[in-house]
Each structure stands twice: as structure tokens, then as C-alpha cells.
Amino acid sequence: MHDVIVVGAGAAGASAAYHLAARGHRVLILEAQSMPRRKPCGGGMAASVQRWFPFDLTPAVDQVIEQVRFTWCLEDPVTAVLPGDSPFWIVQRARLDQFIAQQAVAAGAELLDGAPVQTIQRDGNQWIVEAEGHRYASRAVVVADGSQSRFASALGLAAPRPRFASAVAVEVNAAVQEPNTARFEFGLVRHGFCWAFPRQGGYSIGVGSFIGNTVVDADAVLAQLLPSLGLPPDAGERLQSPLRVWDGHHPLHNPAGAVAVGDAASLCDPFLAEGLRPALLSGVRSAEALDRYLVQSQAGDPTQAEQALQGYSQRMRHDWGESMAWGRRIAQVFYRVPKVGYQLGIKRPTAPQRIAQILSGEMGYGDIAQRVIKRLLFQRG
């Protein structure tokens, strides 16, 4: 019998496992693939996530980004300098996920990789998780199996009908032109944008569309984007990587002791596609809530135990969801009139600093949303 079984050793699951193990709970992590394993991801996250961990994250950091450059059809550039105390980090997910998982193991968690979970079922007062023919029991479960989660909706966690953004991830090994600059290109993709993040020895590049069911010809887009980075138009390995984006306020907990975190919880930013910061945040907040849940359950107080789980959903709504609600509204207007959005949003004198503050975690979309939306709607009308 474990206190908690974590299904998935990605950034969110490993973060939850670490914080639970550090609080003295018996934690089992079940990871479907062998670690370290690849995960398509741009790898950008605010350095401010460091405050959620007592150990140094920089060994997993590939590159420190000091500025962000925006373009429209590869021209009309706008550069945002990031705050010196809150830069943007680029990580390779294989390294980051394994690094945090190793910290969880050092804190006392058990990790079984190459163990895909087949079923999660409630049996009396415990959870039974079956993986590779073995059955494991626990008092609580963390669902952290990513964008293609098999278990979140089935357990009543997060959006019952998740919304996905169409995305293609590209990894290119090459010399990097500006290692301290991340790029966002808004003109080449209908209803979306491209990103190019420098890492050690190359780039992590993505093409994403965020409105409706837009089909993107990623190869055609990349044939224009890659030469602007000094790369051949057909460079890189390309992988379909749908993003499970935030699409409304939904419970992230099951009263019986299950929570969803990270991509499985549909936390990805619907405007700028940021997924790592909410993944780590949800790992931390879920561990805090489950710690209280386990203590209250052990004390025989089911009311307080359930309130602890409700606190996780409420805290994530406050800390992340309220900003994402505004981010979704901005995305729905911006990506339908992207050229207007670029001129009236990105190119405004104050916009670069505001975007830098959002990327660094110092500001939420709610701080700018009403002005931006009114400006775009007025111009479109």
C-alpha cells in the first residue's frame, strides 16, 4: 500500500512526487516509457518556477533567454527585453523530467519506468492501479499522463471534452545565431504562430494553430521559417504534438482522492502555448492538497479531507485559470484578426514589456485583457 501513486513522470507528475515524498509520504511513480524519454516540447519556462523547489533547477537548463523577438511574416520585428530578475529558461524535456524525477527518488519516492498503466479503479477505500500485469494499491492517485491522457476524463477530472491545438514540433541540431533570443512568428500560420527557441546545439521549433480545427501545412510554414534561422528548409525531425489547452474552469480533483496535473489537467496557455509553468505549479499545489487530504483521512475526518482536495481545484483556478480565461478571450480575437492584433497588440509601445512580464510570470492576462480585446474589436469593426 502506497500513500500516492503518480501516473506519469513528466514535469507535473515528477514535481508532485517530489513534494509528496519530501513530506514523508510513500510515493510510487509509474512511467509508461523508459527514462529518460523524449517529449515534444518547446521547453520554454519562466525562471520564476525556481521558487517552488528547494533544489537548484539550473542543471536542467539548456539556455537562458534574455529577450524575445516577435515578427510578422518574418519582418516588422519587435523585441522585448525580459526582466533581469526573471529571465526565460529553455530546457530539454528529457533532461528536466528525469532531473526532477531523480530528486523525487532521492526524497524517498519509488520510480518504475517502462510500466504503462492499463487501469485505475476505486476499490473500497483504496485505489487499484494496474500496470504491466502488476496491481498496486494507494490511498490517492495523481493523473499526470499528458495531453493524450486516458484517465483524466474517465475519473471526472478537468475538461470532459478536451480542446486541442494543432501543433508540430521540430528539433534541429545546428549552430545557433542568437543563443539568448527566443522568437515568435505570427504571420505565417493561420489562426496561430511559430516559435523558435535556442537550446544547446540547436533549436526547438514549433508550429501551432489555436482556433477551431484549422489544418496547418507545417512543411510549407517551416520552408519559410527555417531559412530565416540560417537552416535548410527541410531541416529537422518533425513530430505531431497536439496541445491540450485550457478551455474553461473544471474540477481538477475527484472527492475519492484523485487529482489531475499538467497537460492531463488541460492547463496549457491557449494564447502563447506555455505548458511547463502550469505543469510545475499544478504539481506543487496538488502535493500540498494531497498532503492535507492524507492527514485528514488518516485522522478520520472525511469532510476536511474532501475540502483539502477542493482547495487544489480552487487554488489552480485562482493562480492559473483566471488568467487563462482572459488568455482564451484574447486568443479568440487575436488569432481571427492576427494582422490587426500584431499592429495594435504586439507593436504598441508598452506591449513588449507586458508580454515579457507575462512570460516571466510577473503579470497575468487579466491585467491587460480588457484593453486589448476592446482595441482589437473596435479596430475590426
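I looked up Ser-204 and found a polar contact of 3.0 Å between the side chains of Ser-204 and Glu-171 (a pair of N or O atoms within 3.5 Å; within protein, one must be able to donate a hydrogen and the other to accept it, and residues adjacent in sequence count only if both atoms are side-chain atoms). The model is predicted, so I note that local features need pLDDT of at least 70 and side-chain atom pairs pLDDT 80 or more, while totals for chains, interfaces and linings use all residues. Residues are numbered from 1 along each chain as its sequence is written, and side-chain values use heavy atoms, with hydrogens and water left out.

I placed Ser-204 in strand S15 (residues 202-209); strands are DSSP runs of E, at least two residues, and helices runs of H or I, at least four, numbered from the N terminus. Ser-204 is buried, with a relative accessible area of 3% (buried is under 20%, exposed over 50%, partly exposed in between, with a 1.4 Å probe and protein chains only).

I turned to helix H1 (residues 11-22) next. Its 12 residues should span 16 Å at 1.5 Å a residue, and the end C-alpha atoms are 16 Å apart, which agrees; the expected span is 1.5 Å times one less than the number of residues. I found 11 of the 12 residues of H1 buried, so the helix is largely enclosed by the rest of the structure. The cover over these buried residues includes strand S1 (2-7), helix H2 (93-106) and helix H4 (276-298), contact being heavy atoms within 4.5 Å. Just after H1, I noted a positive phi of about 95° at Gly-24.
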